[in-house]
Amino acid sequence: KKPWGYEIEKYRDQHCSLTVLCVEPSQATSMHCHVHKAATLYICKGTCFINTLDTTHYISAGNVVSIENGAFHQIAGGTNGVKLYELETPANKNDLVRLADRYGRGQGYECLSVTR
């Protein structure tokens, strides 16, 4: 479970991982990049916006998106949310650098920073 929806890893070996992501309507992942890994997204159901540092792409079911390592990106759920498959090469959930996160999570795969 994530603050934006959920993800379920379906397959992993030393070379890649395959994960199902569901992003709820009006929710979004952090703006982040993967320094060492690339990702390929296949949109199964619904629509989403893929935001980069300077562009927003509207993506719908049946489309494939390739994200190179080092490219900052954010997935935002469309009107009815989005379900997608994410293939990451190599498999490394800790290869994550967050630039911005509306849920207050800090750096790291699952990290929450609270300042009082």
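**Salt bridges, pocket and surface of the predicted model**

The structure holds five salt bridges, a salt bridge being a side-chain nitrogen of Lys or Arg within 4 Å of a carboxyl oxygen of Asp or Glu. The model is predicted, and local features need pLDDT of at least 70, side-chain atom pairs count only at pLDDT 80 or more, while totals for chains, interfaces and linings use all residues. Residues are numbered from 1 along each chain as its sequence is written, and side-chain values use heavy atoms, with hydrogens and water left out.

Glu7 takes part in a salt bridge with Lys2, in which the closest N and O atoms are 3.6 Å apart. Glu7 has a relative accessibility of 17% and counts as buried, and Lys2, at 8%, counts as buried too (buried means under 20% relative accessible area, exposed over 50%, and partly exposed in between, with a 1.4 Å probe and protein chains only). Glu7 also forms a salt bridge with Lys93, where the closest N and O atoms are 4.0 Å apart. Glu7 lies in strand β1 (residues 5-12) and Lys93 in the loop between β7 and β8 (97-100), so this pair ties together parts that are 86 residues apart in sequence. Strands (E, at least two residues) and helices (H or I, at least four) are DSSP runs numbered from the N terminus. A salt bridge also links Glu88 to Lys93, with the closest N and O atoms 3.5 Å apart. Both of these residues, Glu88 and Lys93, are buried. Through shared partners, salt bridges join Lys2, Glu7, Lys37, Glu88 and Lys93 into one network.

The largest pocket has a volume of about 170 Å³. Grid points are joined across faces, edges and corners, and the volume is the space filled by probe spheres set on the points. The lining of the largest pocket includes Ile50, Thr52, His57, Ile59, Ala71, Phe72 and His73. Strands β5 (56-60) and β6 are the elements that give two or more residues to this lining, and β6 provides the largest share, three residues.

Strand β6 (residues 64-67) also contains Val64, which is exposed, with a relative accessible area of 54%. Together with Tyr42 and Tyr85, Val64 forms a nonpolar patch on the surface, with about 280 Å² of accessible area. Patches consist of residues with over 30% relative accessible area and no salt bridge, with like charges joined within 9 Å and nonpolar side chains (Val, Leu, Ile, Met, Phe, Trp, Tyr) within 5 Å. Areas come from the Shrake-Rupley method with a 1.4 Å probe, and for residues only the protein chains shown count as cover.

One aromatic pair is found in a search of the whole structure. The ring centres of Phe49 and Tyr58 are 5.4 Å apart and the planes stand at 55 degrees, so the pair is tilted. Rings of Phe, Tyr and Trp (its six-membered ring) pair if their centres lie within 6.5 Å, and planes under 30 degrees apart count as stacked, over 60 as edge-to-face and the rest as tilted. Phe49 is partly exposed, at 33% relative accessible area, whereas Tyr58 is exposed, at 54%.

Notes: 1 Å grid on protein atoms, 1.4 Å probe; cavity = no way out; pocket = protein on both sides within 12 Å on 5 of 7 lines; lining within 4 Å.
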